[in-house]
Amino acid sequence: MSPDSQMPWKMYIGGEWTEAASGARYSTVNPATEQPLGPAPHAGVADMRQAIAAARTAFDSGPWPRLPLGERYRIIHQIASLMEKHQHELSEIVVQETGATAYLASQSGPIQILRDAADLVMSHSFAESQQPLEFGGKLLQTQVLRQPVGVCGLLPTWNVPIMIAIRKIAPALASGCTMVLKAPPQTPLSLLKLAEIIADSDLPPGVFNVITGEGIEAAEELVTNPDVDMVSFTGGLTAGRTIQAKAAEAVKRVVLELGGKSANIILDDVDLDVAAQIASLPACFGAGQTCSMLSRVLVPEALAEGLVERMVAIVSSQQVGDPLDPSTVVGPLIREERRSAVEGYVATGLQQGARLVTGGRRPPHLDRGYYYEPTIFTDVHNSMTIAQDEIFGPVLTVIPYRSIDEAVQIANDSIFGLQANITCRTTQEGLRLAPRLRCAAVAINGAMDGIRAPRGGFKQSGIGREIGKWALDDYLEYQAVTYPL
């Protein structure tokens with residue numbers, strides 16, 4: 001089914017395709033054309049409760065948590081193979097729903113994450129025996145089991161919807177959990193297409209359920225319902241704080257990835273042409289709508305002017321426009337309200353004394369679509385709003401520094417701690433500096449790993465980790481079974 005089809009997309013609950021109980025539907029928008037997509041079901045609280053009940057039944061009395069590990073391994077790999085078969089369709093829908101260019105719409109990363117999770121089923125230790133202990137005249141043996149946490153509420157964000165969803169689905173499946181996924185209101189069709197693919201696998205009914213809809217009522221039910229054992233959310237800081245507070249009422253486990261304001265520290269021995277490439281392109285990919293965007297460029301004072309000249313030349317040469325055009329680098333923002341928010345930040349930067357050197361406007365040649373030119377500010381102090389808030393748009397701030405100690409202080413002067421980059425001539429320089437940065441991931445010369453490295457955040461960038469063996473801990477409980485020998 002194509003994303004612009006008017007055929008009725010349906011939600012996936014308990015292995016069945018269903019409309020919202022109210023019959024309500026809503027259309028999403030292609031951000032590149034402003035044309036409607038869909039429509040998709042607009043679920044309410046009753047629909048969410050039905051999906052949670054299906055996941056609860058599948059966990060409490062269904063086969064999935066109790067299947068032999070070899071069967072769990074086989075089925076997860078089967079889902080990955082089905083995704084490979086349909087990856088062009090998945091990518092097409094992601095482009096139309098998000099405006100992402102081909103680089104961000106690729107499904108190779110999500111497929112690999114799923115396969116790695118399947119392999120962990122066979123290699124991870126789900127049970128281990130401790131050394132016997134003598135106590136009270138008896139010899140005691142303890143076995144530590146890792147049991148699935150239960151029903152998981154999954155709340156991915158919209159910018160790379162299938163990638164973010166798979167980062168949650170993969171460890172949940174590998175751990176033997178069941179789940180309800182609430183699709184972001186902006187990108188329901190991508191995740192309903194993923195549900196179609198999963199429905200063709202041998203995954204038992206009720207293990208995976210997808211709900212769509214606008215508003216927050218259904219999502220609130222997913223967070224607060226006592227039959228949901230943990231919640232994993234990727235999105236904005238304000239929403240993450242609310243989710244954590246509501247989940248705390250039931251002492252419910254949460255995993256949060258809440259964004260960043262990441263620093264790119266440029267050392268003084270670099271090739272400026274190379275450094276400018278690394279510094280500039282984060283504003284172009286995904287129109288800056290990535291939580292790990294290197295939005296703060298920290299550069300030695302003596303190199304600042306030369307770096308900015310090169311950065312302006314690079315971003316000015318990047319084609320802004322139709323994401324289906326292979327030559328396009330910068331696609332649209334997701335919605336008009338997001339573009340308006342970026343415009344507000346640009347105005348604030350100017351009011352606070354920053355100097356706009358390029359961008360800062362809607363492309364004059366594009367009269368449709370939520371486009372915004374890559375934007376660079378100089379004369380920025382780290383206390384300015386544009387240097388502290390996550391703008392989630394194509395805006396870079398260039399901040400000069402006088403010493404490495406000052407650069408580290410500026411990089412760490414943020415409520416966020418998600419990503420950083422060190423641009424340097426030799427890897428050893430980057431390796432020496434990386435431990436001083438208070439963030440969960442450090443790239444050297446732009447080498448980010450979003451497939452096999454743990455993803456998460458220090459400070460208010462989040463709680464917990466996604467991807468690989470590190471993600472399993474959030475979806476497993478430790479159970480100690482002790483018996484006399």
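## A walk through the predicted fold

Strand β14 (residues 296–300) runs parallel to strand β17 (residues 395–401), the two being joined by five bridges. Helices and strands here are DSSP runs, numbered from the N terminus, with helices being H or I of at least four residues and strands E of at least two. Two strands count as paired if DSSP finds at least two bridges between them. Within this pair, Arg-296 has Thr-397 of β17 as its bridge partner.

Before going on, a word on the model: it is predicted, so local features need pLDDT of at least 70 and side-chain atom pairs count only at pLDDT 80 or more, while totals for chains, interfaces and linings use all residues. Residues are numbered from 1 along each chain as its sequence is written, and side-chain values use heavy atoms, leaving out hydrogens and water.

β14 and β17 belong to an open sheet of seven strands with mixed pairing, in the order β15-β16-β17-β14-β13-β19-β20. Its edge strands, β15 (355–358) and β20 (441–444), each pair on one side only. On average, neighbouring strands in this sheet are turned by 25° against each other, direction ignored. Angles like the ones below run from 0 to 180 degrees between N-to-C directions, and axes are lines fitted to C-alpha atoms, for helices over the stretch in contact. Contact means heavy atoms within 4.5 Å.

| Helix | Strands touched | Direction angle |
|---|---|---|
| α11 (residues 301–317) | β13 (263–266), β14, β15, β16 (375–378), β17 | about 140° with β14 |
| α14 (residues 404–412) | β13, β14, β17 | about 145° with β17 |

In the loop between β15 and β16 you will find Glu-373. Glu-373 is buried, at a relative accessible area of 15%; buried means under 20%, exposed over 50% and partly exposed in between, using a 1.4 Å probe and protein chains only. Beyond its neighbours within four places in sequence, Glu-373 is in contact with Gly-359, Gly-360, Arg-361, Pro-363, Pro-364 and Pro-394.

**A helix pair**

Two packed helices are described by the angle between their axes and the distance between the axes. Helix α5 (residues 108–123) packs against helix α6 (residues 161–175) at an angle of about 10°, and their axes are 9 Å apart. α5 is therefore roughly parallel to α6; the cut-offs are under 35 degrees for roughly parallel, over 145 for roughly antiparallel, 65 to 115 for roughly perpendicular, and oblique for the rest. From α5, Gly-109, Pro-110, Ile-113, Leu-114, Ala-117 and Val-121 meet Ile-162, Met-163, Ile-166, Arg-167, Ala-170 and Ala-174 of α6. Sorted by class, this contact has 10 nonpolar, one polar and one charged residues. Here Ala, Val, Leu, Ile, Met, Phe, Trp, Tyr, Cys and Pro count as nonpolar, Asp, Glu, Lys and Arg as charged, and the others, Gly among them, as polar.

**Nonpolar cores**

In soluble globular proteins, nonpolar side chains tend to be buried together. A nonpolar core is a set of buried Ala, Val, Leu, Ile, Met, Phe, Trp, Tyr and Cys residues joined through side-chain atoms within 4.5 Å. The largest has 64 residues, of which Ile-169 and Phe-208 touch the most other members. Helix α6 gives the most to this core, with 10 residues. Leaving out residues up to four places away in sequence, Phe-208 touches Tyr-12, Ile-169, Met-179, Leu-181, Ala-195, Ile-198 and Leu-203. A second, separate core has 61 residues, including Ala-263, Leu-281, Met-293 and Ala-387.

Met-48 sits in helix α1 (residues 45–60) and is buried, at 0% relative accessibility. With residues up to four places away in sequence not counted, Met-48 touches Val-180, Lys-182, Ile-211, Ala-218, Glu-221 and Leu-222.

**Backbone details**

Most residues other than glycine have a negative phi, and most peptide bonds are trans. Gly-38 to Pro-39, however, is a cis peptide bond with omega near 5°, and Pro-39 is part of strand β4 (residues 36–41). Glu-34, in the loop between β3 (25–29) and β4, has a positive phi near 65° and is partly exposed at a relative accessible area of 28%. Asp-379 also has a positive phi, about 55°; Asp-379 lies in the loop between β16 and α13 (385–388) and is partly exposed at 45% relative accessibility.
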